[in-house]
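Let's walk through this model together, one spot at a time. Have the viewer open and follow along.

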Amino acid sequence: MKRTRSKEDSLRAKIMDTAVLSLLSFLFVLFCATGSASTDTAGDMTQDNWGVPDVHVQEVAERWVVRGLKNRVELNPSNLQMTVHTQSCTWSMGPSVAGDLVAEVRGKRWTLRLADAAAREVSTYQTGFKTGIKIALSGFRQQDTSIDLNLSLFVCLEGEQEELVCELIADEESARVLECLWPGGVAESSFDSTVVPFMQGMLLPKDWPEKVWLYDTICYGRGLYMPWWGHQREKSALLVLIETPEDAGCRFEHPAGGPTKIKPRWVHSLGELRYPRRIRFCFFENGNYVTMAKRYRRHVRETGHFVSLQEKIARNPLVEKLIGCPVVHTSILSHIQPESRYYHKDDPARNHQLTSFDKRAEQLRRLAEKGIERAYVHLDGWGFRGYDNLHPDILPPCPEAGGWEGMKRLAETCDELGYVFAIHDQYRDYYLDAKSYDPRHTILDQNKSRPHHSIWFGGKQSILCSRLALGHVKKNHLSLLSHGIKLRGAYLDVFAVVPPDECYNPEHPATRADCLKYRGMCLDFVRANGGVVSSEEPADWAVPHIDLVHHGPYALVPNPGRGPAMGIPVPLFNLVYHDALLLPWSLSRGSWGIPETDLGYLHGLANAGLPYLSLNPGEQELERVRTLCALHKRVGLLEMTNHEFLDGSFRKQRTTFADGTCVTIDLDENTSVVTPGLTLPGSHRTMRYTSRSVDGAEAWQKDVRARLSSLLKINDLLRTKSKIPLSPKLLVSRDTGNHRIEEVEIGSTSNRRIRVIVTVPIARNGPWPAVVCIGGHGSTMYSPYEKVVGSKDASRAKSDRIYKGFGTVLAGRGYVTISAAVSQHEVYEEDRLLMGERLWDLVRCVDYLESVADVDGSRIGCAGLSLGGEMAMWLAAMDERIAATVSAGFLTTMDHMEQNHCMCWKFPGLRELVGYADIYSLIAPRPLQCQNGLQEPPTQFYVPLARQALEEIRPIYKDMDQPENVGLDVHGEGHVIDLPALVCFFEKHLYHNRWMQPHSSGI
């Protein structure tokens, strides 16, 4: 029956519908109100602090003021004079002067004054990261001639430090800018002294009594190795940094007695200003020349221009061989053409001086016999007609000296001796009697003139356009390599000292920036073919391309060849680039670039540079070379952090390096002090390994082991070991399901017992391989098993993670393992030695392994990290039962361990006898893997030092016909075990492919 709706039901339904509609209406109104409120709130939000510097611009009394929180710049638009007020100092800059603008209109040159612009407009300028003013100049006239030129000058404060950035832009149509001097130089009343990277560097008091001039004033020449200069005023300093240096430099003047005047100079690029020019002024409330150099270092790092020696080693490992390596500069043929300025009319015999390639090889062998194990050999005059002749067509090698075969033998001799063989080459000088000479390939200057001179040995020459240089480099370099000459480097002469050339030849036009690009391509080609890259001097632009230069010393009067210093020498270049470039120093008094009263050796020490070495050195020279090499090995890859004068004479100086090494020199007293002291190569290591026959190598090992046993004070233990019972006592034992873990006490000496951890496989029968697992400083016997064994506090467990549980991993893979604590720093028994006791406890671990049933005595290895890596070295070196060794986080040199390391490694007589490389050599020919991490800092177990040490270990493995058994695993971490490499090594040498050889019954 169909149900009908009652009146009550209908009424109730209407009431419900009305209520629902009312509720929906309320919610809609509420939603709209909320949405409206939300929108209003977003509209009220303001983006107040969005990173723009708090700098304000205003015009006050016909001057424009750019005001920041720290600095205030005032500019007079009528004469463009600027004054900068910092928090404690005022720096005034000169106004516009006649001749500060040179323009060209339809071939006619006009000398103008910026401030004479008939029209100027000053306006506020803001980019979001810098704020200041723009000055638009136009309406230039001279002699009733209108010069159609519009210039824009920008003056802004930038960044938190509110550095002053000035920019010049030209709108060039019929008129072209050839030169502009803006901003004006700092007024003499504003500073006490000037700092200029004039060669290595010069500090010039304003009232210096002698006249001073720069050899050249364009960036990247000797006058400005780096594109900056600065001023000091009491405790304040100002750096002037040219950020667009390719077509820039300075105008410099210092008459006798001063004052010094220096200002920025912008020069044209192929007759035009072409692109915006920018210069930066950095202000320091407390600073000096070191502060300036470090600010510039920051600039080149931020721009990617700084390429460290570490990076250069990564791209060419051969560079590493030059760390702490002397430079031998020698020649084959010196032939002087009659047209040359150097021609000897009165003594013709001097115009042709020859030494054969074989003679030079013989001299290098004699040098090696004097203990020079590494050297960089630079060879001049090897070409067809000798030094500075016939470039760029210098092939074939000098026929009089032995030709192709003679040069090949010399290169092979260098290779055999471990010397790096490099040649002099030249691709700027273009000799008129060169086979390829054609006038159309020379540069043309702005007047379309071709440069000619006949200064150098080869006589008449012009200049090859840089665009054409690379083809000649390839032609010559590849020809040498294809003839089998083991060429390991090339020196491209003048590229890194002569400012860049322009070329107006329409067949191959080149700007200065182009020239630097093409020079860089030539240098890069040498590196790409495996060579060490060098050039003459360290012009800043070339730093990314080169590894080594031949000079970088100080400016002298009348030229770098000889004379007193101009101004006060300071190591500006090395304060910026010490760890980016190899720079050798002459050792004698008044050498090239060394002030005539100074000993070059002392400047070499202060700069921690490489030494030059003659072919027939005396004992004094050898001693100085060893000292400089030892210092460079220590700090050659480190930043020079400071230089200071210790008194008002400027003759007592101190340099400091990143590891804390300090070098103090006194140029008047001819004294020097290096702190901490150096250990010189050659003055120790009387048992240093040198290449010999297999029998000779084994005899050397036997002799060295005997001597070390005595120094370690374990000879009596060796004699009585068979009478010292192990008497093992099991203290704790538990199973993991895979292996059994035991804590055992064994006898070490007659009076002392030690505890060890032992793991033994459960799942299968032996014979098993075994490994002695060794922890480092602060470790316990549990440390190699951190992941599974033992209960330790959080800090202990965290410190043990560097071992990555390698003992546990090996135990799980079927190895018997054993670990003892050898990180103590106390000597337990009277008349013992700490290192001897540590080593002896590990020897007893090997004894215990041999006593374990089913351990294969021919497959016992050892592994450790840090101190554990050191003890693995000692154990394998002294106990021939060790069949395979992993020494992690330790491979280095004893010189390096003298600094910033626990000295527990050192004991009387050790350094006089051997180095670490010699101790590792006692392991040969048994397999050895060393591990070092790329994240280890230079003060710790640094990879370049490890590679250096490895090169001293390789010879004995080669002599024993097992060169493949030694290697360095370089991993991407820091001071940790590289677990995959360790496991792989032991799987190869202990587990699967047994290293079978006779072994003694003990140490």
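F198 is buried, because its relative accessibility is 0% (buried means under 20% relative accessible area, exposed over 50%, and partly exposed in between, with a 1.4 Å probe and protein chains only). Please keep in mind that this is a predicted model, where local features need pLDDT of at least 70 and side-chain atom pairs count only at pLDDT 80 or more, while totals for chains, interfaces and linings use all residues. Residues are numbered from 1 along each chain as its sequence is written, and side-chain values use heavy atoms, leaving out hydrogens and water.

Now for the rings. The structure holds 19 aromatic pairs, counted when rings of Phe, Tyr and Trp (its six-membered ring) have centres within 6.5 Å; planes under 30 degrees apart are stacked, over 60 edge-to-face, and the rest tilted. One of them joins F198 to Y215 edge-to-face, with 4.8 Å centre to centre and 75° between the planes. F198 sits in the loop between β15 (193–196) and β16 (202–205), and Y215 in the loop between β16 and β17 (228–233), so the pair ties together parts 17 residues apart in sequence. Helices (H or I, at least four residues) and strands (E, at least two) are DSSP runs, numbered from the N terminus. Y215 counts as partly exposed, because its relative accessibility is 22%.

Elsewhere, Y225, F306, F573 and Y577 form one aromatic cluster. R301 lies over the face of F306, 4.8 Å from the ring centre, and the charged end of K206 sits over the ring of F191, 5.7 Å from its centre. For such a placement, NZ of Lys or CZ of Arg must be within 6 Å of the ring centre and within 35 degrees of the ring normal.

A117 is found in the loop between β7 (108–112) and β8 (119–126). With a relative accessible area of 4%, A117 is buried. Leaving aside neighbours within four places in sequence, A117 is in contact (heavy atoms within 4.5 Å) with L137, S138, G139 and F140. The C-alpha atoms of A117 and S138 are 5.4 Å apart, although 21 residues separate them along the chain.

Let's finish with a helix. Helix α15 (residues 834–851) has 18 residues and should span 26 Å at 1.5 Å a residue, which agrees with the 26 Å between its end C-alpha atoms; the expected span is 1.5 Å times one less than the number of residues. Helix α15 is mostly covered, with 16 of its 18 residues buried.
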